[in-house]
Structure formats: structure tokens, C-alpha cells
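Morning, everyone. Please look at the model first.

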Amino acid sequence: MFGRSRSWVGGGHGKAARSIHSLDHLKMSSGQTQFPEAMPRSWLQYMYHVLTKNTTVTDHNRNLLVETIRSITEILIWGDQNDSSVFDFFLEKNMFVFFLNILRQKSGRYVCVQLLQTLNILFENISHETSLYYLLSNNYVNSIIVHKFDFSDEEIMAYYISFLKTLSLKLNNHTVHFFYNEHTNDFALYTEAIKFFNHPESMVRIAVRTITLNVYKVDNQPMLHYIRDKTAVPYFSNLVWFIGSHVIELDNCVQTDEEHRNRGKLSDLVAEHLDHLHYLNDILIINCEFLNDVLTDHLLNRLFLPLYVYSLVNQDKGGERPKISLQVSLYLLSQVFLIIHYAPLVNSLAEVILNGDLSVFSSKVEQDVQKNSAKSSIRCFIKPTETLERSLEINKQKGKKRVQKRPNYKNVGEEDEEERGSEDNQDDLDKTKGTETSSKSIRTSSENEEIEMVIMERCKLSELPISTVTEQNTTDEEKSAAASGNEITNWNRPFLDMVYNALDCAEDDYYALFVLCLLYAMSHNKGIDPVKLERIQLPAQHAEERNSYNHVLAEGLIRIMNYAAQPDGKIRLATLELGCLLLKQLVFSRNNSIIKDVHLACLEGAREESVHLLRRFYKGEEIFLDMFEDEYRSMTIKPMNVEYLMMDASILLPPTGTPLTGIDFVKRLPCGDVERTRRAIRVFFMLRSLSLHLQDEPETQLPLTREGDLIKADDVLDLNNSDLIACTVITKDGGQVQRFLAVDIYQMSLVEPDVARLGWGVVKFAGLLQDMQVTGVEDDSRALNIIIHKPASSPHSKPFPILQATFIFSDHIRCIIAKQRLAKGRIQARRMKMQRIAVLLDLPVQPSTEIMGFGHSSSATAQHLPFRFYDQSRRGSSDPTVQRSVFASVDKVPGFAVAQCINQHNPSPLSSPSPSGGSGSTGRCDSVAASSASAPSAAQSPSGLFGIKLKWKYF
């Protein structure tokens with residue numbers, strides 16, 4: 001019979017039938033009258049007939065059943081969109097029973113995989129709530145959820161967890177009743193999913209987190225109370241242990257990988273910890289109060305305080321408590337404050353770090369309850385005595401016992417008393433047996449609340465000494481002494497002392513970077529009460545106006561800057577930049593600096609040291625100018641992002657000086673003269689910017705190239721009495737245009753005449769001379785190949801050409817004139833910028849009035865603008881008084897450029913260029929007479945048209 005059925009469907013007509021059942025075909029016919037309306041229902045009747053004839057799965061009908069299940073899924077999806085009678089027939093015949101029956105026969109992984117896959121597709125594509133209710137009725141979906149699959153098979157595991165995630169996406173206040181049975185206290189979708197919270201496959205763990213978040217978002221109080229009373233404690237305790245185990249594994253990886261050989265594994269562990277923190281934060285921001293209470297209790301007392309905070313001051317590995325290294329502890333705490341903003345959690349954690357001592361781990365409150373086994377593990381990182389699966393099974397059995405007496409409105413209180421009594425009896429029984437298993441893993445919500453009260457009382461007690469100090473009328477010095485912990489009192493704050501001591505960077509900044517990140521994260525955390533930070537005078541991001549700051553912290557930050565400005569300093573650029581950010585935040589109040597004169601003097605000393613340090617690397621070579629501008633561009637385009645910094649696992653390893661590790665330059669020490677030069681430039685920029693900011697002075701000399709002063713495309717310029725060279729520009733793609741070449745002090749421009757005004761031109765392209773590369777064409781003496789690169793966004797990025805074209809001139813004389821003019825302009829532009837750098841470094845140069853752009857008088861400034869561009873000359877301006885030539889300073893005699901090249905062999909980097917702007921116009925640039933007149937000045941050298949052999953250097 002099975003053979004005939006398979007032949008009937010699988011061969012000949014069967015093949016056509018399978019193709020006509022495809023989902024694509026159904027979608028094509030969904031909005032048309034191509035088939036009768038009764039056809040889908042007839043197909044479903046036929047599929048029902050196939051299922052009734054093949055109730056037992058065999059090797060012969062396995063493929064037939066799989067294809068039948070697929071076809072039923074496609075028909076149901078079509079019916080959901082077009083015909084509700086399809087679902088009526090599906091529900092009438094109770095066809096879901098066949099799916100469950102096939103699943104229970106242990107028919108092999110092929111059938112299980114196909115069934116889970118088709119069910120997943122079915123629930124993903126169902127859009128109408130009525131159709132969804134039909135599928136979820138009769139509790140068959142829950143029976144599939146609790147079915148014992150072979151989860152050792154990766155494919156079955158993947159489709160099963162995907163099926164659960166799809167179901168969780170359908171949860172709302174109405175559909176939750178199909179999954180959560182309030183009478184039996186059973187929620188299979190949730191309890192079966194959380195059993196895989198520690199699955200080895202990361203995608204499975206991510207799916208479990210998604211499922212739990214979808215469940216917590218449903219505002220159904222009975223369901224949420226069930227989760228709190230029956231699953232929250234086992235799940236959160238096991239989750240916290242799982243996170244802590246990963247942290248210990250991460251710490252071991254850091255301790256054994258000092259040579260940076262296992263960074264891949266370390267990066268994976270850091271990424272996993274970040275995922276955990278984001279998941280915990282997602283739970284907390286749902287703002288389910290009683291769930292947040294249980295989770296906060298476990299995080300504080302089982303993970304953050306006993307493992308993270310305790311390791312800050314206790315590095316003795318021989319103790320009973322598990323510990324992690326100091327750098328890992330600081331790193332992870334910084335991540336906690338950067339990600340989690342739940343006020344009760346971060347306030348309690350910050351209170352311990354800033355004002356707590358070791359008594360929080362062995363207080364009198366805990367000593368009084370040492371005899372109670374349920375509370376003896378407070379603030380201790382220990383493994384749960386029962387696995388999550390075992391704890392859920394125990395709670396499920398207890399729930400069944402209570403259901404035997406159906407509760408009503410009259411005996412709810414009695415039932416609660418019976419439950420507490422039974423749990424007390426169970427605890428007494430466990431004590432007599434010498435075990436503590438049930439008491440720790442099956443705590444009720446009342447015990448959790450009691451623990452929370454103990455924590456809150458302890459926090460209140462710890463706040464009293466500090467609050468009384470801050471409420472007194474004290475001077476700024478007394479407040480600073482109280483904040484630093486140096487006041488002679490009985491108050492001991494070892495965690496805060498560790499923070500201050502770690503700022504000492506005499507040897508390296510290994511720990512200082514993490515401390516700065518922690519202080520930054522705490523001050524920018526929106527959940528922390530600013531009053532707690534004000535106790536150590538650490539202002540929050542939007543703090544109120546104040547007139548004092550933490551002197552001890554400020555002095556520690558200034559010391560870091562002093563060490564960074566030393567020639568042999570071991571301070572990384574990331575540490576220095578973060579220190580500058582914190583110092584600005586510390587000494588600024590409502591955009592006004594309140595820094596003391598003595599601290600400002602120390603900071604100015606550090607800035608002077610940075611100037612002396614950069615002088616040692618100042619050279620007249622072109623590469624120094626390129627590095628100077630690249631570093632300033634990188635610093636302004638990509639400022640410090642602490643969140644991204646704390647995602648990098650490489651900073652957990654000891655600072656290294658080799659670029660072979662692939663670590664970003666700002667996160668490691670320099671290697672070689674080039675990187676030392678880059679570091680000195682960056683230190684100079686940071687300390688100069690900080691000094692100007694604290695003194696409320698504007699930056700007037702940086703950057704060397706100001707975008708606002710540059711000539712741009714489509715600008716209209718006055719070209720009367722200017723030197724222009726006609727040329728044909730052939731671009732890389734083969735296009736040809738006629739343009740006029742003009743050379744300014746810093747730029748080369750291609751212009752075309754303005755049809756509106758005689759003597760004016762429209763700029764079609766403008767590029768910096770310093771980024772230009774000019775080469776001749778071997779086969780054509782009238783042509784030049786010109787490439788102008790866009791300034792790189794980082795020192796390691798590949799330069800991108802913004803112009804790459806061939807310039808063809810009228811004859812070879814004009815070609816040589818253009819080449820020499822461009823060569824002179826490039827040299828002159830670079831020399832002028834090097835002189836501006838010399839002014840920044842207080843190096844001896846010519847008087848500033850002779851350096852373009854640094855004239856003190858208004859007349860000198862008007863005559864020597866580095867970028868002679870006039871706002872009146874922009875397109876649309878019709879001011880007839882603007883008649884000055886934009887390119888008047890360009891020398892019109894090519895021999896002048898030759899003479900300058902002859903007279904300036906091996907120029908000193910401190911020498912100033914000849915003031916070309918003062919040279920008058922003696923004729924047009926394409927005058928052959930002008931070029932021939934300059935020839936005798938270079939008659940001594942036989943090479944080149946004018947006796948000059950130019951040497952080009954490009955970087």
C-alpha cells in the first residue's frame with residue numbers, strides 16, 4: 001500500500017503535483033482566479049488522506065511524509081493569506097496530532113530536522129492572529145517543545161532553538177496563555193530554552209538570550225511572578241556563575257599570554273563578556289522591578305563585589321576566595337559602568353569602590369547569620385549546588401504538589417504559609433543530613449528580599465561617615481583632603497587608595513590606563529547619583545556649578561602628562577588623551593576653569609617639555625611636515641572613544657613597543673625614530689590644546705592648512721594681470737578639456753574664463769601643491785603627468801589621487817615653464833609651512849612679519865595672506881572695487897625660479913623663503929623672451945633648459 005501511494009505521488013502525476021504545491025506557485029496564484037477557491041482545501045484533504053494512510057514512519061514512506069509536511073505548511077501559509085477555511089479544516093481534522101505522532105516514533109534525524117524546519121517556516125509566515133490561535137490550540141506546540149530531541153546533533157539543535165525563538169517572537173498578552181499554564185505552573189517555552197544558556201555554541205546562547213528577553217517583555221503578572229518564584233534564582237545564580245567562569249578563564253589567558261601569542265582567544269573571551277553585560281543591561285532596562293531585584297542581588301553579591309571589586313586590593317592567590325588580576329578587574333569594572341546604567345546596581349557598586357572597605361565582605365551583619373546556611377554565601381563567588389536543569393525539575397515537582405489542592409481566593413494565604421512551612425521542614429531535614437543543597441538553590445522570594453534589606457542597611461551605614469563630612473562647612477582644602485582619603489580619621493578606603501596609587505606612572509602606564517577608564521566610565525554613567533561622585537569631588541557629566549575639585553586626582557593626572565613629555569616616557573597616547581579628557585572635566589565648572597595657579601603652572605611646564613621634546617625631532621625634511629599634518633588630522637577626525645577602547649582586548653596585555661603585534665599605535669609604545677617622532681608630535685598637540693582650553697584662548701596657528709582659506713571649485717576669481725598657461729587636460733578616463741593653469745602660494749588651480757565678466761575666471765579644480773607629483777612624458781616634450789593626492793585620514797592609509805591627468809602645452813618651452821613653476825611652488829609651500837611649525841616650537845626664524853600668514857599689523861596681514869582669496873570674488877559677487885589679482889604674487893619670470901634654485905643649495909630648515917609676493921610682474925608667463933632672458937643666469941650648468949637639474953623627493 002505504501003509503495004503504491006509513493007508511486008502515485010512520487011512518479012508521473014506525483015511530480016507535477018509536488019511542483020504545483022510549491023510556495024512560489026501558491027504565491028503566484030494567491031491574488032488571481034487561476035484556480036478554483038476550493039482547490040487548496042482539496043489539496044489539504046488529500047494531504048490528510050496521505051497522513052492517515054502512513055501513520056507509521058518507515059524507510060519506504062519517509063520521503064513521502066516529509067514532502068507531505070512541507071506541502072501542508074505551504075497550503076497553511078497560503079490559507080492564512082487567502083482562505084480561512086483551510087485552517088478550519090486543519091483544526092477540524094486535528095492534523096497537528098500527526099506531526100506529534102511522527103515526532104514521537106524516533107524516526108531519525110532526517111524527519112526531525114525537516115519537521116522542525118517546516119514548523120519554523122510555518123510560524124514565521126503566519127500573520128493573522130486567528131490562524132496563530134488555531135496552530136497554538138490543544139497544547140500540541142508545547143508537546144513538541146518538551147519532546148526529547150537528540151541535541152547532540154548540531155542541525156537538530158539549531159532548528160530546535162530557532163523554532164523556540166520564532167515562537168517567542170509571537171508572544172504577547174494574548175498568546176502567552178497558550179504557553180504558560182497558570183494552574184499547573186508550567187512554562188515550557190521558557191524553561192526549556194534557558195537550559196541551553198551555557199551551550200558551547202555561541203549562536204545557541206544568543207538565541208536563548210533573545211527568547212528570555214522576549215518573555216520578560218510580556219506584561220503578564222502571573223507569568224512574571226512564576227518566573228521570579230520558580231526560575232529566577234536558579235537561572236540567575238547559574239548565569240552569574242557561568243559569567244564568572246568566563247572571567248576567570250579570561251584572566252588565565254591574560255596571565256599566560258604575555259608575548260601576545262594568543263590574542264584571538266583573548267578577543268573572543270572579551271567579546272563574550274561584553275555580550276553578557278549587554279544582555280544583563282537589556283534585562284534591567286525592561287524595568288520589571290521584582291526581576292531586577294533578584295538579578296541585582298545576584299550580580300552584586302555573587303559576581304561584581306566578591307570577584308571584581310575584591311580583586312582590586314587582594315592579589316594574594318593563596319586565599320580561599322577566587323581572584324583575578326588587577327588589570328582584568330579594572331578593565332571589567334570599566335565595562336560594567338560603561339554598559340549598565342541601572343541606578344540601584346551601579347550606585348551600590350560605586351559606593352563600595354569609592355567609600356567602602358573590606359568589611360563589606362566580612363561585616364558584623366554577616367557574622368550574625370553565619371549559622372544560617374541560606375545566607376552564609378552572601379558576597380561570595382561560589383558555584384550553585386544544583387544545576388539549572390535539576391533546580392527547575394525540583395521546582396516543577398513542588399509546583400505539582402501544591403496544585404493538588406486547587407487554590408481559591410479564600411485559602412491563598414494559607415497556601416503560602418504551608419509552602420513556607422514545607423520549605424522550612426526541608427531546610428531542617430537538610431541540616432540534619434549535613435547538606436546545604438536545597439537551601440541555597442530553592443530560596444524563595446522572601447529570602448531574596450531579606451538579603452536585599454541587609455544590603456541596603458549596610459550601604460546606609462557605610463554612607464553615614466562620608467555624608468556627615470560633606471555636610472559640614474569645610475574649606476576647599478579640607479574637602480580635597482577628605483576626597484583623597486588623607487584626612488586623619490578612622491575611615492579606611494582601600495579601593496579608592498588603589499585608584500590613586502595606580503596613577504603613578506613612573507615605570508609604565510599599565511594600570512593607569514584602566515583606572516582612567518574606570519573614572520571616566522563612572523563619571524559618565526547616567527545611573528550613578530552625582531552626590532556619590534561629589535564625595536570624592538569627581539564631577540558627573542552634567543554636574544552643577546562648583547568652586548573646588550579633587551587636588552590629589554588633578555595632581556596625578558598632571559604627573560601623567562609630565563611623564564608623557566619626557567624623552568624616555570612610557571606613557572601611551574591613549575593614556576595621555578584620556579587623562580586630558582578627565583582633567584578638563586575635573587577643573588571645569590559651567591564652562592569656566594577653576595584650576596589653581598600652581599596646577600596650571602605645572603601643566604604649562606609639561607607643555608614646555610613637550611615643545612623641547614618635539615624640537616629634538618624637528619627636521620627640514622619633507623616627511624616631518626607630512627607626519628605633522630597627518631597626526632593633527634588623525635587627532636581631530638578620530639578623537640578618543642572610551643567605549644571602543646574598552647572593547648579592545650589587546651590593552652589587557654602588557655604594553656609592547658613592536659608594531660608586529662598589530663596593535664593600534666595609540667595603544668602601544670613607539671618603535672623606531674619615525675614612531676617616536678609621531679608620538680612627540682601627538683603629545684605636543686594634546687598638551688597645547690589642553691593648555692589653550694584651560695586658559696580660554698583660541699587656537700590661531702593650527703591647522704597649517706585651513707579649509708576655509710583654500711580656493712575651491714566653482715569659486716570666481718579676478719585673473720586680471722595674472723600669469724596663466726593654457727593647456728589641454730586629458731583625464732585618466734580619456735576626457736579632454738581646455739583649461740588655464742595658475743599657481744598660487746599653496747595651491748594649483750585649473751580655471752576657465754567667466755562668460756559674465758571679462759578678466760574673471762571660474763575655478764574647475766584646485767589642489768595643494770605640497771601633495772602634487774609631476775613627471776615628464778618620455779615620448780612628448782610638451783606633456784606632463786600630474787598627480788595630486790588627497791590628504792590621508794591616517795598615517796597608514798593609502799593615498800587617494802584626486803587628480804591624475806596628462807597636461808599638454810602648446811610647446812616644450814611652456815611645458816618646461818609650467819614644470820619649473822609647479823616645482824618652485826611645491827618647494828615654497830612646504831618651506832613656508834615648515835617655518836610656521838618653527839614658530840610653534842619657538843625656533844629662531846625670520847621676523848614673523850616676513851612669514852606669510854603671521855603678520856601682526858592689519859596691513860601686513862592683508863598683504864601676506866597665505867591663501868589670497870577674497871570673499872567678494874565668490875560667484876554671485878558684483879563688487880567692482882575688487883580688482884586685485886589673486887595670483888599677483890606668482891613670479892612671472894621663469895628665470896627667477898632658476899636663480900632661487902641655484903642660490904639655495906642645501907637650504908637650512910630654519911631659513912625663510914624669498915618673499916615672492918613682493919616681486920612685480922615683468923610680462924606674461926608664456927613669453928619666450930622672458931624665458932630666454934633668464935637663461936644666462938644658469939649658463940654654468942649644462943643640464944636642463946636653464947642649466948638646472950631639479951631633484952624631486954616625494955613621500
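Buried means under 20% relative accessible area, exposed over 50%, partly exposed in between, with a 1.4 Å probe and protein chains only. This is a predicted model: local features need pLDDT of at least 70, side-chain atom pairs count only at pLDDT 80 or more, and totals for chains, interfaces and linings use all residues. Residues are numbered from 1 along each chain as its sequence is written, and side-chain values use heavy atoms, leaving out hydrogens and water.

Start with rings. Phe, Tyr and Trp rings (six-membered for Trp) pair if their centres lie within 6.5 Å; planes under 30 degrees apart are stacked, over 60 edge-to-face, the rest tilted. The whole structure has 26 aromatic pairs. Take Tyr 632 and Phe 685. Their ring centres are 5.1 Å apart and their planes sit at 75°, so this pair is edge-to-face. Tyr 632 is in helix α31 and Phe 685 in helix α33, 53 residues apart. Helices here are DSSP runs, H or I, of at least four residues, numbered from the N terminus. Phe 685 is buried, at 2% relative accessible area. Tyr 632 is buried too, at 17%. Both belong to a cluster linked by ring pairs, which includes Phe 624 and Phe 628.

Next pair: Tyr 331 and Phe 514. Centres are 6.0 Å apart, planes at 85°, so edge-to-face. Tyr 331 is in helix α17 and Phe 514 in helix α26, 183 residues apart. Both Tyr 331 and Phe 514 are buried.

Last, Thr 575. Which helix holds Thr 575? Helix α29, residues 573-587. At 0% relative accessibility, Thr 575 counts as buried.

Note on methods. Helices (H or I, at least four residues) and strands (E, at least two) are DSSP runs, numbered from the N terminus.
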